[in-house]
Amino acid sequence: MIRYLLAGVFFISFCSTSFSQAITVTGRVTDIQKASIPGLNIVVKGTSRGTITDADGNYTIVCELRDKLIFSFIGYKPVQEEVMGRQIINVVMREDQQELGEVVVLGYNTEQSRRDLTTSVSVISAEDILKIPVASLDQAIQGRAAGVQVIKNTGAPGGGVSVRVRGTASFTGNQEPLYVVDGIAINNTFSGTTGPPDSNGGSRAGNEVVNGMAGINSDDIESITILKDAASTSIYGARAANGVVVITTKRGKSNRQTFNFDFYYGLQSLGKRYDLLNATQFASVVNEGMARSRPGVPSFIKETPYNTDWQNEIFQVAPQLQAAISTSGGNEKIQYFVSSSYFKQEGIVINSGFDRFSYRTNLDYKINDKIKVGTNLAFTFSNNLRLRNNGGANVQDNFNGNSAFGPSVIGSALVYSPLIPVFKPDGSGYASDSLSAFQNPVAIARVGEIKNSGIRVLGNIFAEFELLKGLSFRTVWGADVRDENETNLIAPAPGSPSASGGTLTKRSFRELLWNTNNVLTYKPTFSNTKHSLGTQAGFEMSSSKNDGYWTSVTGITVLGFTTFGASTRYLTPYSDADNSWGMRSYFGRAFYDYDKRYFATVSARVDGSSRFGPDRKFAFFPSASLGWMVSSEKFFPANQIVSDLKLRTSYGITGNDQIPPFNWRASGRFAPTNYIGYNGALPNSIQNESYSWEQTAQLDVGLDVRLLDRFNLTVDYYNRQTSDLLIGVPLPRTTGFGGALRNVGSMENRGIEFAISGNVLKTNKLTWTSSFNISFNQVKSIDASFNSGLFGFSHIARPGQPIAIQLYQLEKTVDPATGFRRIKDLNENGRRDEGDLTVVGSPFPVHIGGFTNNFSYKNFELSVFFQWSYGNMLINNTRGFVQGVGKSNISRIGTNLSTEALGRWTKPGDIATFPGIDYTNATLPNLSDAGVPTDQNLEDGSYLRLKNVSLSYNLPSAWLKNKKLNSFRFYMTMNNLLTFTKYSGFDPEVNHSGAFTNIGVGIDDGTYPQARTFIMGVNIGL
Amino acid sequence: MKKIKIIVVTLFLMLSFSTCEVIDLAPNDRIDLAKFYSTASDAESGLIGGYITTFNSPAVNFIFFNNRSSDDLTAPIDGRQSDALMFRPIMDRNNGDAGGLWNDSYNALASLNLLMGRVPSMDEGLFGRPAAGQFNRKYEILGEAKFLRAYIYYNLTQFFGDVPLVTQFPTSSDPAKNQVARTPKAQVMDTVMADLAYADKYLPWQHNNLATIAEDQVVQSKGRATKGAAKLLAARIFLQRKEWQKSIDKCKEIVGSGQFTLTRKWTTIFSSSNLASQNSSESILEIQTKRGPGEFNNNGGYSWFHQDGAPRRGATIDAFNLFEGSNTNRKDVRKEFSMSQVVGTPAQIYALKYANSFPWWDAANPFNFIPMRLTECYLIMAEALNELSYPSSEALGYINTLRSRAADPNFTNGPVSGIAPYSLVTFDTQLKFRQAIREERRRELMFEGHRWFDLLRYDAMDGTTKAMDAVGLTSPEKLLFPIPQGEIIVNSLLVQNPGYN
């Protein structure tokens, strides 16, 4: 539509002007409900002169007596008024049904009116994004698109986000959707992790990953379209099975100069804390436990004058701010959009944070009527100060003394003795607790450092040629360049066996991802105008060259240095990785409709990829969809309730190529050690000729309804059958190998999505728009038979069954005789075995959704956004830390506990829910819970969250006019204001291992909590 | 405009059919095995991979498991009944030691089979000109690999009985295409003997072809398979098969070659006392370890004997009493080098042959392991000669050579009164002398990974049940290790050994 409009403007501007008899015309433009329409274009017909309406719909224009004024605005039928000497012309605009609803961007430069869609997509507009200041644009999607689940894995600044479109359809492959920014598919996957090698010299997954999307400034986004069903995604072929997120950035518009400045400042704070024992209570607990293990020692711990609240010491109220500036405009030849912004967020845990500087230029240039060229270029510098062991490596490793990343700040703060001060009384440094295996949490946070610095350049150039009437060619060349460096300094642990100084690890990652896509578009015209056809054919090539390595040294005894030279010990073997890949693809698509009543779309794509084995080097992904506008049929009764009713269905095949590259090849590696002066080569894998993409066949049946001429309702049912899932298949060891990744598993996701939005109320002063969405999904494992079915410790995929959590159940009360926790002996055989395991719930929600209400009254705007997740279970290991009493482990002496310990078992006969404190290495009972996953901290993870409330005030236009301003808005916004949940942890939105596993989700392992944020800002438009 | 159209259309066609193949990428971070073994250095690297996988785990475990299963070694303090290798009644089909030995052995075999599949088709010219009197390096490489494969299969058959004989690198990652049945032991041994014959023919006594490379020639020659190692392994097998003359012949070839001599002092064989005594003149095959980052070390193996510098495993009273002399009257050097008695309640006797003064977390133990040394030839010859004819003064001479060295008065720990040479007057029957040879063998090679196989051999010869007794069995059912149960699940052709179903 915008294009038509622009074309109109150009056309008009080329015409000559007639001679003059000036007159000033004013007036107000409203819709049929008498609500004003701001920003509407008014052009004097045949000239380039024009204006736009202000916030109240008023305009003033100078023209001539016999001029004609053209009023136009997206979604409305254009109105032409002859001036005829009138000085006041008020106009009422009528909505244009054909143009109603936004134009939907479908990728490969294809747009379609929402009314004509035969596929299932969700759209998020710039206005929705602007309402919530977010660090990363994937958070802007949360709760706003049906069928799209967004989980912020951790609250850490710059932390990773998991986005799942219509469930989870892989056991091992990456499940993040494909992101396409201005026509270029970018790398949204995580670039790697830092860590010293494990005992085998291999790299160790863990720690927090970098969020690939955090590098994109969300203020630059014009719209986000999420393609969900196979008919819309299969044009992206082997990369589309997880859904496609098509992001369009803002562009300049001719004759529409804008300048925008935005600044906000906010404070973030922790929402909820754990209630822990104070110093006195802690001392009595320890003494009680020691009395049991060493009778005759009456008070092992003496109280100190301190009562340190370690949560207070590590959590802080942290500032967050952003300054953004953008300008756009142009003439009929050239249009530009330029923006720059700086975002800075300190973490609510000390010594963590994220900042980003970003810059963008988007240019369009029309060489002549037939040729257009342009470029989009953005670059970002970011720094991420990360917290060790957050949301990644098991914090519990610390308990076992084998954490490769050193102890966790949050975990240590929960269990560290309140009797210990932060600093030694003599001021000589951080205090430490000789009793505990843990370290001073403040020292961990302050002394060590994990800093990730990244540069990212994302850009493309494009050209569009009109070859013949109806036939055009568009070529796009783009690149996504990333360079990341990470420094990880781990201070030595006092008293650890390798007290040989700190460990310094540095990681480097560099990627050049390039892409070119070239599309021919042909739109024939038919003599029978009821036929409408659009066709496309194209090819695409894409490749990523990347390499990364990390290396580390030990023996950093002089802290504060992050140079390898500070080490006294040799370099440990370094690790590097090449994850390069290349793709070559051909695709075609055709849209057809008859009389805007019957719609059909077909598409097909062939992808060849370096990732695929020679037997299945090329993949074919077809799809088809049909739509029927029932309401356009003669038999459909004219009525006031349903104005549009469209049925649609689609079926198609897509693939997930996010599988480890090169794995089809028989490969070898160099041994980590030399032997007698030679480097040894070892075979690493066996040839797998048929190693290939994971395939999803998806059926979608949907319904689009326009109700009461105000509401758009969309309902979709889908069934995604995924097969050829890569699973590690055990091989006979006589091959020399333990297993191989093979395409053998299958899964199913089925669900229903329901979304409704529209104007609830629209009067002159008050408008109320509302949108609501809810989606249900169930993920079932069909065949994971080559695997034990266990993913992680407690998540199980059983054939034909929903993916579930399987645990031992605990008795409600501890054994009255011994004070030990015990598990329920479900098979009543007197001992703990597999027969006592029970499936206790699902890690995936039954339904998720969002509910947004926007109110505007005079110059005030209020937006209230709720978002929820219902029916998912969480395993709260964080709470387990402060419940883990030393009933079996002497190393737990000196570990603080939750206030639940006040109701502990103290003597035989007590009926208590909390076990007795006992540091002896007592023999465990047969039904002990030690070392197995139990439901002790299995909690209902459902929540309803008032995710965002924003209130803004626009200064009145009269005032603005004097100051020559276009708009001036103050706003106040609050994120995570209220959360209704039964979950006892810091925050129910948590996904400790989200980036690493698709199945083992819903685990809270000392994860960085989400912050509650209050932000005040101002936005000025010139 | 027309020009532009032509340019655009040409560009489009060019690109869409371009030969720039982005989808044929080769990885940089790993070796593409399809293209590997195209140069001599590929072959040398592949061979070293075979050494590393063989020496890192199976070769060391062949030694340890032999010790643990024997009547020489017991668990310290807590008794042997918690160790399934020492006390077989508790051995089950999920035993990790047995499973690990199986897995690690076949892992090493995959490396070796790959090499043996690829090197034969490589051009000799790639390997340069051989040193005087030696074969082209190509054949040496194959010989070294064949020796290692023979070494692994011989040991596997001893521990597991019939094992699948795999001689090809797998070509498919499909479990269904990798089902293999157990090959009769005799057939496996045919391959072993053929491999050893090849190795014996083509391997040099000294690796002169490699003399110019990084490590010195002694390290190359002791750390790799040589003619000596191939002959000694063959002699072991002949001895076991009661092919006495053949085993004597092989040993005589070794002794007669002049390549190896007994060290003057018994105490300078094992490097744990002195790094300078590494690669002594009597060592035939010595696993080379080196301290430092990225160097091959056998820390895991040593820490099995010793942890954090403290002994971990106990010698049996039986083994302790086998040696003459006492704490106050030292007679046999080998006693104090093989075990130490800690007086206390209860008294402890620790196995000592490989000491480790480095803590477990400090990687890179520099002490070599010695799977083969010259004394074994003397003992094999003595045993075989005594079986062929009694009396044999030659056999007696070999035994006394070893005894006189063990009476070395220069024992560093103080004066030793010495042990006396044997005479056939004391051992006046073949049976008595056989017993004496066996005891001498046990004393000399204690904890060096021979005793369990010796017990099995003696039982087979004498119809006794010493092996069963040593591991607490009352029936021979569990003398063999179980086939790992996980293996039987994924390979339906495998049949479990008796006693484990």
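A: Among the contacts of chain A with a separation of 6 or more, 69% are between residues 24 or more positions apart; two residues are in contact if their C-beta atoms, placed from the backbone, lie within 7 Å. This is a predicted model, in which local features need pLDDT of at least 70 and side-chain atom pairs count only at pLDDT 80 or more, while totals for chains, interfaces and linings use all residues. Residues are numbered from 1 along each chain as its sequence is written, and chains are lettered from A and ligands numbered from 1 in the order in which they are written.

Chain A has 11 helices and 49 strands, where helices (H or I, at least four residues) and strands (E, at least two) are DSSP runs numbered from the N terminus. Of its 1022 residues, 49% are buried, meaning that 20 or more other C-beta atoms lie within 10 Å of a residue's own C-beta, with exposed set at 12 or fewer and partly exposed in between; C-beta atoms are placed from the backbone.

Five strands form it in the order β10-β15-β16-β13-β14, with mixed pairing. Its edge strands, each pairing on one side only, are β10 (121-125) and β14 (184-185) of chain A. Two strands pair if DSSP finds at least two bridges between them. Strands of a sheet pair through backbone hydrogen bonds, either parallel or antiparallel. Between β13 (residues 178-181) and β16 (residues 244-249) of chain A the sense is parallel, over 4 bridges. A:V180 has A:V246 of β16(A) as its bridge partner.

Confidence comes next. pLDDT is the predictor's confidence in each residue, from 0 to 100. For chain A the mean is 83, and 87% of the residues reach 70 or more. Residues 192-208 of chain A have a pLDDT below 50, yet this stretch has 55 contacts in the model beyond near neighbours in sequence.

Helix α5 (residues 279-293) has 15 residues and reaches 21 Å from its first C-alpha to its last, close to the 21 Å expected; the expected span is 1.5 Å times one less than the number of residues. Its buried residues are A:A279, A:F282, A:A283, A:V285, A:V286, A:G289 and A:M290. They lie on the same side of α5(A) because they cover an arc of only 165° around the axis, the arc being that of the directions from the helix axis to the C-beta atoms.
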